[in-house]
Amino acid sequence: MMPILRLAPKSLASRRVTVSFSIFAIAVSVMLLLGVERIRTEARASFSNTISGTDLVVGARSGSVPLLLYSVFRIGNATNNISWNSYRTLAADPRIAWTIPFSLGDSHRGFRVLGTNADYFEHFRYARSRSLKMAAGKPFDDVFDAVLGAEVAATLGYAVGDRIVIDHGVGSIGFASHKDKPFRVSGILAHTGTPVDRTVHVSLEGIEAIHIDWRGGAPNAGARIDAERVRQMNLQPRAITAFLVGLKSRFATFSVQRKINQFRAEPLLAILPGVALHELWSLMGTAENALAFISYFVVAAGIIGMVTMLMSSLNERRREMAILRSVGARPVHIFSLFILEAIFVSGLGALAGLAVFYIGLVAAQPVLETQYGLFVAIGWPTSTEGLYLIAVVLAGGLAGIIPAVGALRRSLADGMVVRN
């Protein structure tokens, strides 16, 4: 068997051009397979870390996915609001360490406006407990201050000190404009790769201020109040859309959740964000599986190309096989030679694909993070990726059985015949 081990690399080297193409095809397929797996894994992790360090998300009673969508992803609208008194009652629970109230319903040129308070900048976490950072300016400290997400500022070209007007309603064009009470950009948040980047943040008092002279979702023409007069008024919110909860102890999660879900003053729903995120991600499982299947088929195509190369060389290697048989090589040696060649080709292709994968990862990492908000870690291959590499080599070896059987069928006499 040892001579066969030495012979296989030399035999491949004698056909280096065609072999190189097979290695290249397998390398490209392995690179795609590893790339899809790494991006899929990191996308799932990034999705799960859209919100981090929050124990409960509370909103009007509906469903866990709708509540998660409008409170965390700013998609859709709440079925109802939460009264300020109910919020303060629940927030006073001694088991709760902090809360972050949210008020939604307005927009600015297609971007959602979120009313909140200073606790948002202190306690909100994302991507494995990262805190929000200011890229420029500072958090709001005036009724008519606004803090922009990174994507809002970049898309609309805003800078600290610019004036913006909030629209009533959600969409690229609001139902009506609050142009009598413009906001000043006090700060711009650093890029997070989460819905925070696409959000305009103002204070709860700011949300109350722009609606103080509105009734029934429309401006009250007979009672217009200018911005200066509004500053002197009581701007305590009457209601909010949702709020986040951080507990002093994780052991109290289910008891606090049960208390909120059974709250008698009004129907509320408290959800565990991790569970809801997993439920939401499972709805996209079809697309995730489709990506995986595509990469599997690409690997299969690379291995088929290798088999085709080995099969096409059978006629050229008739004399080689005959000479080996004539000097004492048994059928098992011929069979082993083709299997070893297939393993060498698929192994070299897997290693080349791994190398190209890491080169591409280094080049693409900053682009993925800045443009798409997806941080792809560069580290040793994961156990799943390692299994994929082993599977590719094994699949290549198994696929080598086809040309190996074909070689065995060539008789010694047939191999010695010179064909014109």
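**Exercise 1. Find the contacts of Gly137, leaving aside its neighbours within four places in sequence.**

Step 1. Gly137 is in strand 7, residues 134–137. Helices (H or I, at least four residues) and strands (E, at least two) are DSSP runs, numbered from the N terminus.

Step 2. List the partners. Gly137 is in contact with Val160, Ser186 and Gly187, once neighbours within four places are left aside. Contact means heavy atoms within 4.5 Å.

Step 3. Leu189 lies 52 residues from Gly137 along the chain, and their C-alpha atoms are separated by 8.5 Å.

The model is predicted: local features need pLDDT of at least 70, side-chain atom pairs count only at pLDDT 80 or more, and totals for chains, interfaces and linings use all residues. Residues are numbered from 1 along each chain as its sequence is written, and side-chain values use heavy atoms, with hydrogens and water left out.

**Exercise 2. Work out which residues of helix 10 are buried and where they lie.**

Step 1. Pick the buried residues. In helix 10 (residues 273–282) they are Pro273, Ala276, Leu277, Leu280 and Trp281. Buried means under 20% relative accessible area, exposed over 50%, partly exposed in between (1.4 Å probe, protein chains only).

Step 2. Look down the axis. The buried residues of helix 10 fall within an arc of 135 degrees, so they line one face. The arc is taken from the directions from the helix axis to the C-beta atoms.

Step 3. Turn to the face away from the buried side. There helix 10 carries exposed Val275 and His278.

**Exercise 3. Describe how helix 3 packs on helix 10.**

Step 1. Take the geometry. Helix 3 (residues 64–71) meets helix 10 at an angle of about 100 degrees, and the axes are 9 Å apart. Axes are lines fitted to C-alpha atoms, for helices over the stretch in contact, and angles run from 0 to 180 degrees between N-to-C directions.

Step 2. Name the arrangement. Helix 3 and helix 10 are therefore roughly perpendicular (65 to 115 degrees).

Step 3. List the residues. Helix 3 brings Ser64, Val65, Leu68 and Leu69, while helix 10 brings Pro273, Ala276, Leu277, Glu279 and Leu280.

**Exercise 4. Examine both faces of strand 18 and its link to strand 1.**

Step 1. Check the faces. In strand 18 (residues 268–271), Leu268 and Ala270 are buried on one side, Leu269 and Ile271 on the other.

Step 2. Find the partner. Strand 1 (residues 56–60) runs antiparallel to strand 18, joined by four bridges. Gly59 stands opposite Leu269.

Note on methods
Angles under 35 degrees count as roughly parallel, over 145 as roughly antiparallel, 65 to 115 as roughly perpendicular and the rest as oblique. Two strands pair if DSSP finds at least two bridges between them.
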